[in-house]
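Biologist: I'd like to go through this one question by question. Have a look first, then we'll start.

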Amino acid sequence: MFIFTIIGLMGSGVLLGYLSRKRNLNIVHRIITWLIWILLFLLGTEVGGNKMILEGLHTIGLEALVITFGGLGIVAFYIIPRRERRKGMKSSIVIVLFFALGILLNLYGLYPSYLEQLDLSFYALCALMFCVGITVGNNPQILLNFKTVNPRFFLLPVLTILGTLVGCCMSSVFFNKHSPVDCMAVGAGFGYYSLSSIIITEYKGAELGTIALLSNIMREIIALLAAPFLVRFFGRLAPIAVGGATTMDTTLPIITRYSGEKYIVVSIVHGCLLDFSVPFIVTLLCTI
């Protein structure tokens, strides 16, 4: 139901943007920037208010971090680095500050508890998708990209899957109690932390399920916070590969901002394919 809501809102935004294509809608880009900051702040409050995540950072958090970077290291390796124009650090610093502020406010009890019941992250994300849709519909060149997208970009989801699994398998050398298959099952969440952690908990137990939760949350956070750096050092496809299954929703706005609007189609296709692959790949690995 969530996916259909997101797709519907984005489609409505595309229609509105198309009908308004003769108008200057630069203000929408500013709104997108603010919504990204709000979403990162809310993500920070969720992390700061989740005792399991905070307590796990002292024990299994390191294991989750190793698996996360193991998978992402291979993902980044196959993307050919290229020189990018030097960009200012202001936007990156602001992103980190909003995320850290959210963590600190909830950690010290300064974030109103009643706001947690309002599911503000969902509404912020919906607003983001609607605004992104407006920018798509308002730009005729983006609409042409749906027809002219290079077929080789459809190999990106395959490379993301293979790169993640190989990297996670290699990371297993650092553990005594987790097999290569266990590490690959954790990485196979591709950022879809809720579903993958539930499946892994059912098959492998709560400990590995918690590692999967932390690892995939870390992957999403890295994609959100490091997008400017990934683009600069690894190219415009890097945030998409790192974002995994989240590139069709949560990380799509920030990918659009730093990789460019012409990569929206690639990002959505990439996210959709990985999103639908998660339950099958994770279940398969858990039953081996």
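Biologist: Is Asp182 buried or exposed?
Modeller: Its relative accessibility in this predicted model comes to 11%. The cut-offs, with a 1.4 Å probe and protein chains only, are under 20% relative accessible area for buried, over 50% for exposed, and partly exposed in between. Because of that 11%, Asp182 counts as buried.

Biologist: Before we go on, at what pLDDT do side-chain atom pairs count?
Modeller: Residues run from 1 along each chain as its sequence is written, and side-chain values use heavy atoms, without hydrogens or water. As the model is predicted, local features need pLDDT of at least 70, totals for chains, interfaces and linings use all residues, and side-chain atom pairs count only at pLDDT 80 or more.

Biologist: OK, which residue forms a salt bridge with Asp182?
Modeller: The rule wants a side-chain nitrogen of Lys or Arg within 4 Å of a carboxyl oxygen of Asp or Glu, and the count comes to one salt bridge. Its closest N and O atoms are 3.3 Å apart, and the partner of Asp182 is Lys204.

Biologist: Which helix holds Lys204?
Modeller: The pair links distant parts of the chain, 22 residues apart. Helices here are DSSP runs (H or I, at least four residues; strands are E, at least two), numbered from the N terminus. Asp182 sits in helix α10 (residues 180-187), and Lys204 in helix α11.

Biologist: And what is the relative accessible area of Lys204?
Modeller: Asp182 counts as buried, whereas Lys204 is partly exposed. The value for Lys204 is 34%.

Biologist: How much space lies in the largest cavity?
Modeller: The whole structure has four cavities of 30 Å³ or more. Grid points are joined across faces, edges and corners, and a volume is the space filled by probe spheres set on them. The largest cavity holds about 60 Å³.

Biologist: Which element gives the largest share of that cavity's lining?
Modeller: Its lining includes Ile67, Cys168, Phe190 and Arg219. The elements with two or more residues there are α4 (61-77), α9 (156-171), α10 and α12. The largest share, four residues, is from α4.

Biologist: What is phi of Phe190?
Modeller: Phe190 belongs to the loop between α10 and α11. At 0% relative accessibility, Phe190 counts as buried. Its phi is positive in a residue other than glycine, near 50 degrees.

Biologist: Last one: which residue follows α15?
Modeller: Helix α15 (residues 252-259) is mostly covered, with seven of its eight residues buried. Among them are Leu252, Ile255 and Tyr258. Next in the chain, with a positive phi near 115 degrees, is Gly260.

Technical notes
On a 1 Å grid over the protein atoms alone, a cavity is a set of points where a 1.4 Å probe fits but cannot get out, and a pocket is an open set with protein on both sides within 12 Å along at least five of seven lines; lining residues have an atom within 4 Å of a point.
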